Amino acid sequence: MTQRPDSANSLWASIDIGSNSFRLELARLTGERYQRVSYIKESVRLGAGLDAQGMLTEEAMQRGLACLKGFGEQLVGIPPERIRAVATQTLREARNRNAFLARAQAVLGHPVEVIAGREEARMIFAGVARLQPSNKPRLVIDIGGRSTEMILGRGRKPLLAESFGVGSVGLSLRFFAEGLYTAEAFRAAQVAAGAELEEALTLFRPELWQEALGSSGTVGAVSQILAASGQTDGRVTPAALRWCIEQCLAAGSQDKLQLPGLKDDRRPVVAGGLCILYTLLTQFGIAELRATKGALRQGVIFDLAERLQPSGARDPRGASVTELQLRFGVDVGQAERVAAQGERLYRHLAPKPAAELLRELRWAAALHEIGMLVSHHDHHRHSAYLIAHVDAPGFSTNQLQRLATLALGQRGGLRKLESQLADPALLEQVVALRLAVILCHARTPVQGSGPVLQREGRQLTLHCPKNWTEGQARTRFLLKEEAEAWARTGLLELMLA
């Protein structure tokens, strides 16, 4: 593997855990200038390790873990906040993904986030838009191992992003599993790809864009084949794709296929990729598709850098939370009251809180009542479900699940969170949010500065202001019930003073 430079603290790192390949990118950012320092790609074919029950096989997991262990060695010295690892379709599908994620974090030394399809598409476009800028309306396509992302955008703004469950690995396993090429198999694979992509025909129709670009994996591999064989200068066209398919049929099998520029790691999935590409170009009226420099791994770095801006103004997650509040008719005044009290109490528990944990608490407070649009009864359960399953630009599925856990824990019994509360950081967030919800239960501002929370080991003491009068009798009653709820868990003791 390529050795990283010594000045690691100036680097950014992204790990793209794809269905076919794992990629590590190390780069420097200076203003608008992006400088790649190191790039490592390994063919892992994680997506080929999903069995009929949707479980990752141990063999596939071992391939992935071995690769991530090597990647981890390249990350030594890079500040953790400048590192982000994301996983895509295979781990979105895998039923045993949590087991793999825990092992992956152990060998990599950093957590792995599973991102939703639309979030993957958004960051693909970010990578393309920064590295290949243009003001033309454009269509960007990324054919991965088990999914295909399509994005309409202009400048740096994605206008529409969708993900479809068809990719080069999945289609190749389904129609070319034995490595044999027949006209019938190619026709069937194209029909299957067309059926999956047909719903996008109106959304991405040709009059909405002026140029089409292909990002990463399949498009890059086919572009290299076409350039090396002299069919085109690297541009992907319907005629050039027909030539590729004819070469496959003439060879009869992947073992006998001889195409200039075809790498061995791409050989098992090239047929499926060609079928998806040909279907896209013919169905969507794409005369030519050009391979682009940008991809998911660069988009991850750009997105991470924007998150770490001091103001946080360019962090897309804040805008997502605001949009969700609007969509679900949240009482924004109440949400802000709960957020302010929750942050104040959380700082009592964690005087120097991690910025990301503090942001999570405020986002959970901002969204804790979105379930009321479904029903006021048990609204915390509805809120948790909605947060866990919504598409929210900027958020990984892991982080949405954490926010959902906080929303679920805002009220009621604590047994439902028994396993999650083993995480000390989450425990402190839940305590702060629950107490904030109680203090703001009347949906009016909290009088004075509010109670002070002190901690000594497992004992928490809530010091209520001396000026609290009989008007706070209901709040005192709810706090007494809260103390009893925590006592039943055995996790901590809440005292009222």
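Me: Two strands pair if DSSP finds at least two bridges between them. In which sense do β12 and β13 pair, parallel or antiparallel?

Reply: This is a predicted model: local features need pLDDT of at least 70, side-chain atom pairs count only at pLDDT 80 or more, and totals for chains, interfaces and linings use all residues. Residues are numbered from 1 along each chain as its sequence is written, and side-chain values use heavy atoms, leaving out hydrogens and water. Strands (E, at least two residues) and helices (H or I, at least four) are DSSP runs, numbered from the N terminus. β12 and β13 (residues 493-496) share 4 bridges, with Leu460 opposite Leu494 in β13, and their sense is parallel.

Me: Which glycine sits in the turn of the β11-β12 hairpin?

Reply: β11 and β12 (residues 459-463) run antiparallel over 5 bridges. Val452 faces His463 in β12. The hairpin has 2 residues between its strands, and the turn residue with a positive phi of about 65° is Gly457.

Me: How many bridges join β2 to β3?

Reply: These strands form a hairpin with 2 residues between them, and Gly31 in the turn has a positive phi of about 60°. Ser21 has Ser43 in β3 as its bridge partner. The two strands run antiparallel, and the number of bridges is 10.

Me: Which residue in β2 stands opposite Asp16?

Reply: β1 (residues 12-17) and β2 (residues 21-30) run antiparallel, joined by 6 bridges. Opposite Asp16 stands Arg23.

Me: How many of the 12 residues of α10 are buried?

Reply: Buried means under 20% relative accessible area, exposed over 50%, partly exposed in between (1.4 Å probe, protein chains only). The buried residues include Leu296, Ile301, Phe302 and Arg307. α10 is largely enclosed by the rest of the structure, because the buried count is 11.

Me: How far apart are the end C-alpha atoms of α10?

Reply: The expected span is 1.5 Å times one less than the number of residues. For the 12 residues of α10 (residues 296-307), that should be 16 Å. The end C-alpha atoms agree with it, at 16 Å.

Me: Is the crossing of α13 and α16 right-handed or left-handed?

Reply: Their axes come within 11 Å and cross at roughly 40°. That makes α13 oblique to α16: under 35 degrees is roughly parallel, over 145 roughly antiparallel, 65 to 115 roughly perpendicular, the rest oblique. Leu357 and Leu361 are among the α13 residues at this contact, and Ala425 and Leu433 among those of α16. A crossing is left-handed if the near helix is turned anticlockwise from the far one by less than a right angle, right-handed if clockwise, and this one is right-handed.

Me: What relative accessibility does Arg443 have?

Reply: Arg443 lies in the loop between α16 (424-439) and β11 (452-456). Its phi is near 60°, positive in a residue other than glycine. Arg443 counts as partly exposed, because its relative accessibility is 33%.

Technical notes: Axes are lines fitted to C-alpha atoms, for helices over the stretch in contact, and angles run from 0 to 180 degrees between N-to-C directions. Contact means heavy atoms within 4.5 Å.
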